[in-house]
Amino acid sequence: MENGGGGGSRGDVPDDANEHCPGTQSEDAGKADSCAGCPNQQICATAPKGPDPDVVAIAERLATVKHKILVLSGKGGVGKSTFSAQLSFALAEMEHQVGLLDIDICGPSIPKMLGLEGQDIHQSNLGWSPVYVESNLGVMSIGFMLPDPDDAVIWRGPRKNGLIKQFLKDVDWGEIDYLVVDAPPGTSDEHISIVQYLQATGIDGAIIVTTPQQVSLIDVRKEINFCKKVGVPVLGVVENMSGLRQPLSDLRFVKSGEPGETDATEWALNIIREKAPELLSVVTCSEVFDSSKGGAEKMCIEMGVPFLGKVPMDPQLCKAAEEGRSCFADQKCSASAPALRSIVKKVIKTE
């Protein structure tokens, strides 16, 4: 939050607040008559009020973490957790010490995407120990706490906030270079909590993941405005699933007929091998989502935030995520890995 605005000169009054704003830490925040119609009303009404004694403990715990990056998305299904996982793999490959914190309480997918399903959290005299993929890549998620991975987490906001606080306060990351925080979609309790708890320790910024179509970008605009209101720098926006790219030799061909579809893959590939073998090295490209209105890049220009780049939809990347492995470990993710690597380098440079 910045000083100034119509509500006074206190540091807890946003610039765009209504006149006579009671301040974000007041018990009347978001509830007073003067709050009606304020763009910050919902955030102020739901945010915890007053100083939290645990914030000091969190700051002490995270004093050994050099950089903290949030990965956000306006809506679900845009590949945010896949990006968080591969960002962590990439930073670890660069020989950084990395921690990946999954605060998607109701839909923890990080354990699967890092090949850690079925692992348990262990405690020591220093606190909870992360589950390690490699010696320099540790992970923490509620997914490690569920007795059955199919169990639904049906929690109200205060209980979610309590677990997030416990993750930040009790997990012993040790000396690490990067803590990547994979947040759920939207701008709800978890986001308000993670920002409040981390601001005392310093947040480097947020990476926002989207897909090219307008239905996703509408929600991403809200996410960017959320970051601006709570004082989190936007490191940049990633346009994920930016067209489908895969080698022609990986395509499946079918013939449509009266009984239904018939697999014609081998027949088609044999013809190509015989008539035009050079086509087997061609990469096919197609637009999956409508990006005719400029996609994420145009939106970033309009909103004054950095555009980090595009990651194509790559079936091999999807397979790597399903198998819990890095897309950088081999040459299979030929479409997505170079794009992701370029984005990671920009993130490090920006941060």
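I looked up Asp54 first: its relative accessibility is 25%, so it counts as partly exposed. On the scale I used, buried means under 20% relative accessible area, exposed over 50%, and partly exposed in between, with a 1.4 Å probe and protein chains only. The model is predicted: I took local features only at pLDDT of at least 70 and side-chain atom pairs only at pLDDT 80 or more, while totals for chains, interfaces and linings use all residues. I number residues from 1 along each chain as its sequence is written, and side-chain values rest on heavy atoms, with hydrogens and water left out.

**Asp54 and its partner**

I find Asp54 in a salt bridge with Lys165, with 3.3 Å between the closest N and O atoms. I call a pair a salt bridge when a side-chain nitrogen of Lys or Arg is within 4 Å of a carboxyl oxygen of Asp or Glu. Asp54 lies in helix H2 (residues 54-61) and Lys165 in helix H5 (residues 157-170), so the pair ties together parts 111 residues apart in sequence. Helices (H or I, at least four residues) and strands (E, at least two) are DSSP runs, numbered from the N terminus. Lys165 has a relative accessible area of 16% and is buried.

**Other salt bridges**

I noted a salt bridge between the side chains of Lys66 and Asp177, at 3.3 Å from N to O. Lys66 sits in strand S1 (residues 65-73) and Asp177 in strand S7 (residues 176-182), so this pair also ties together parts that are 111 residues apart in sequence. Lys66 is exposed at 57% relative accessibility, whereas Asp177 is buried at 16%.

Glu117 and Lys112 form a salt bridge too, and their closest N and O atoms are 3.6 Å apart. Lys112 is partly exposed, at 32% relative accessibility. The structure holds 15 salt bridges.

**Whole protein**

I count 11 helices and 13 strands. Of the 351 residues, 47% are buried. The C-alpha trace spans about 75 × 50 × 40 Å along its principal axes.
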